[in-house]
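Here are my notes on the model, as numbered points. Please keep the structure open while you read.

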Amino acid sequence: MSGFSSRTDFPRTWNRLARALAERKARGEPLVDLTESNPTRVGLPQPAPELLATSEAFTYAPEPQGLLTAREAVATHLASRGVTVSPAHLILSASTSEAYGWLFKLLCEPGDNVLVPAPSYPLFEYLARLEGVEIRPYRLPRAHGFGLDVEEVAAARDARSRAVLVINPGNPTGHYLHEGELAALAKVCADTGMALISDEVFSDFAWDTEPERVSTVAGRSLPMLTFSLSGLSKVAGLPGLKLGWTHVGGPEAVRDEALARLEWVADAFLSVGTPVQQALPALLAHAPRFQAALLRRVKENRRRLLAARPSEATWDVVPAHGGWSAVLRIPREPGEEATCLALLEAGLVVQPGYFYDFAGGAFLVLSLLPPADVFESALGPLVRTLAQGA
Ligand SMILES: Cc1ncc(COP(=O)(O)O)c(C=O)c1O
C-alpha cells in the first residue's frame with residue numbers, strides 16, 4: 001500500500017494454530033495455557049503498591065541517562081551479584097526493547113546488519129526492521145546444547161555487520177554463555193569492529209551452578225564496545241513499570257563516545273517515568289523475593305515435567321541451565337504444528353519451535369511459570385497426546 005514505509009509492512013495473517021486457538025476460546029472450552037510468560041499473572045510476589053507513590057512523584061527534573069539515584073540503585077543491584085560498575089556507564093530506558101532501538105540507531109546506518117542467534121525469542125527482527133536495520137541469523141547448534149559457536153558467528157558476518165547480539169541465557173533454550181565462548185567472540189568482535197550486545201534479562205534465573213558460566217559482560221575488561229541489557233521486566237517481574245538499563249563498556253575512548261551519543265538519543269525521548277525511577281531502589285530491593293519464588297516455581301515445574309516423562313517416550317526435555325521455559329524435542333513426524341493442534345484439542349496451549357526459529361528437528365516450547373497445580377494438570381494430557389504421536 002502506498003503512503004506507508006516498508007519498515008511497518010508487517011504480515012498480519014493468522015496461522016492455522018492462532019485460528020484454532022481463537023476458535024477454541026470463542027467456544028468457551030477450557031484451556032491450560034503453557035505459553036503464559038507474564039510474571040504478574042501467575043501468583044508470584046509483588047512489591048507493595050505504595051512504593052510507587054513517592055512525595056516527589058510529580059517533580060520533573062529529567063536527566064537523559066536517568067536519575068542518578070536510579071542508576072546508583074542498578075549499580076548496587078549489580079554489586080550484589082559481584083559486579084562492579086559505575087552509574088556513569090549506565091543508561092535507563094523504558095524497556096530493553098527500547099534500548100535495542102537506541103543501540104541500532106547508535107551503531108547502524110540503514111541497510112547495516114546485526115547478527116542474532118537462532119533459535120531465540122522473535123523480537124529482534126521487528127526491532128531491527130523498525131530502524132531500517134537487517135538481521136543475519138547465526139545458528140546455535142543443538143550439538144553444542146544450543147550454546148554459542150563462534151564459527152557460526154564468523155560465518156554469518158558480512159562487511160555491513162555492526163554488532164553481535166547474544167542472549168545470555170538463551171530464551172527459550174536456557175544456555176548460558178561460557179568463558180571460552182566469550183573469549184572467542186571477543187576476538188571476532190575486536191578483529192572485525194563489531195560491538196557486542198548482551199541481553200541478560202534472564203541471567204539472574206540460573207537453576208544450577210556451572211564453573212565456566214558468564215552471568216554478565218558488564219564490568220569486564222573486553223577489547224570491544226559492549227552493551228549489557230536488563231530491566232525490571234524480568235529482574236523484578238514488573239514489565240508494566242517500564243524501566244530497563246544498559247551498561248556500556250569496552251575501551252575507554254569508544255565507550256565514552258557511545259555514552260555521549262546515547263545521551264543524545266535518550267534526551268530526544270526522555271521515556272522513563274519519574275515515579276518508577278524514584279522507586280527503583282525499593283523495587284530492586286524486592287527483586288530477590290520475586291526471584292527466589294520464581295526459581296522455586298520453575299525448578300519444581302521442570303522436575304515434575306521430567307518425572308512425568310515415560311522412559312520409552314519418543315520426546316525429550318532439552319537440557320538447560322536457566323530461564324523461564326522448557327524446550328521439548330519431539331518426533332519430526334507429525335511435527336510441530338500438528339502436535340500443537342492435537343495438544344489444543346486436549347486443552348493445552350504450547351508454542352511450536354518455529355516461533356523461535358529452531359532448526360534440525362521438531363520442538364515445542366512450554367512456559368514453566370504457571371502455578372504448580374495448573375502445570376501439574378497439564379502433564380497428563382501432554383504425555384498422553386505425545387504418546388499418541390499426535
Ligand atoms: C530475551 C528477551 N529480551 C528482551 C525482552 C523484552 O524485555 P522488555 O520488557 O525489557 O522490553 C524479552 C521479552 O520477553 C526477552 O525474552
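**Notes on the fold**

1. Helix α10 lies across β10, β12 and β13 (362-367) and runs at about 40° to β13. Contact here means heavy atoms within 4.5 Å. Axes are lines fitted to C-alpha atoms, for helices over the stretch in contact, and angles run from 0 to 180 degrees between N-to-C directions. Helices (H or I, at least four residues) and strands (E, at least two) are DSSP runs, numbered from the N terminus.

2. A word on the basis. This is a predicted model: local features need pLDDT of at least 70, side-chain atom pairs count only at pLDDT 80 or more, and totals for chains, interfaces and linings use all residues. Residues are numbered from 1 along each chain as its sequence is written, and side-chain values use heavy atoms, with hydrogens and water left out.

3. Four strands form an open sheet in the order β9-β10-β13-β12, with antiparallel pairing. Two strands pair if DSSP finds at least two bridges between them. The edges are β9 (316-317) and β12 (351-352); each has a single partner strand, so one side of each is left without a neighbour in the sheet. Two bridges join β9 to β10 (residues 325-330). Val 317 has Leu 328 in β10 as its bridge partner.

4. Helix α10 (residues 336-345) also packs against helix α1 (residues 16-26), at an angle of about 5° and with the axes 10 Å apart. The two are therefore roughly parallel. Angles under 35 degrees count as roughly parallel, over 145 as roughly antiparallel, 65 to 115 as roughly perpendicular and the rest as oblique. From α1 come Arg 16, Leu 17, Ala 20, Leu 21 and Arg 24; from α10 come Glu 337, Cys 340, Leu 341, Leu 344 and Glu 345. By class, that contact has six nonpolar, no polar and four charged residues. Ala, Val, Leu, Ile, Met, Phe, Trp, Tyr, Cys and Pro count as nonpolar, Asp, Glu, Lys and Arg as charged, and the others, Gly among them, as polar.

5. Now the seven-stranded sheet. It is open and mixed, in the order β2-β8-β7-β6-β5-β3-β4. The edge strands are β2 (90-93) and β4 (134-139), each pairing on one side only. Neighbouring strands are turned by 25° against each other on average, direction ignored. Within this sheet, six bridges join β7 (residues 226-231) to β8 (residues 244-249), and the two run antiparallel. Leu 229 stands opposite Thr 246 in β8.

6. Two helices to check against that sheet. Helix α2 (residues 68-79) packs on it, touching β2 and β8, and its direction makes about 115° with that of β2. Helix α3 (residues 96-107) touches β2, β3 (113-118), β5 (161-167), β6 (195-199), β7 and β8; its direction makes about 160° with that of β7.

7. What does α2 pack with at an angle of about 20°? Its partner is helix α9 (residues 274-308), with the axes 7 Å apart. α2 and α9 are therefore roughly parallel to each other. Thr 69, Ala 70, Ala 73, Val 74 and His 77 of α2 meet Gln 277, Leu 280, Pro 281 and Leu 284 of α9. The tally is six nonpolar, three polar and no charged residues.

8. The axes of α3 and helix α8 (residues 252-269) come within 10 Å and cross at roughly 125°. The pair is therefore oblique. Trp 102, Leu 103, Lys 105 and Leu 106 in α3 meet Ala 258, Arg 261, Leu 262, Val 265, Ala 266 and Phe 269 in α8. Eight of these residues are nonpolar, none polar and two charged.

9. Most residues other than glycine have a negative phi, and most peptide bonds are trans. A cis peptide bond joins Asn 168 and Pro 169, with omega about 0°. The bond from Asn 171 to Pro 172 is also cis, with omega near 10°. Pro 169 is in the loop between β5 and α6 (179-192), and Pro 172 is in the loop between β5 and α6. Phe 146, not a glycine, has a positive phi of about 60°. Phe 146 is in the loop between β4 and α5 (150-156).
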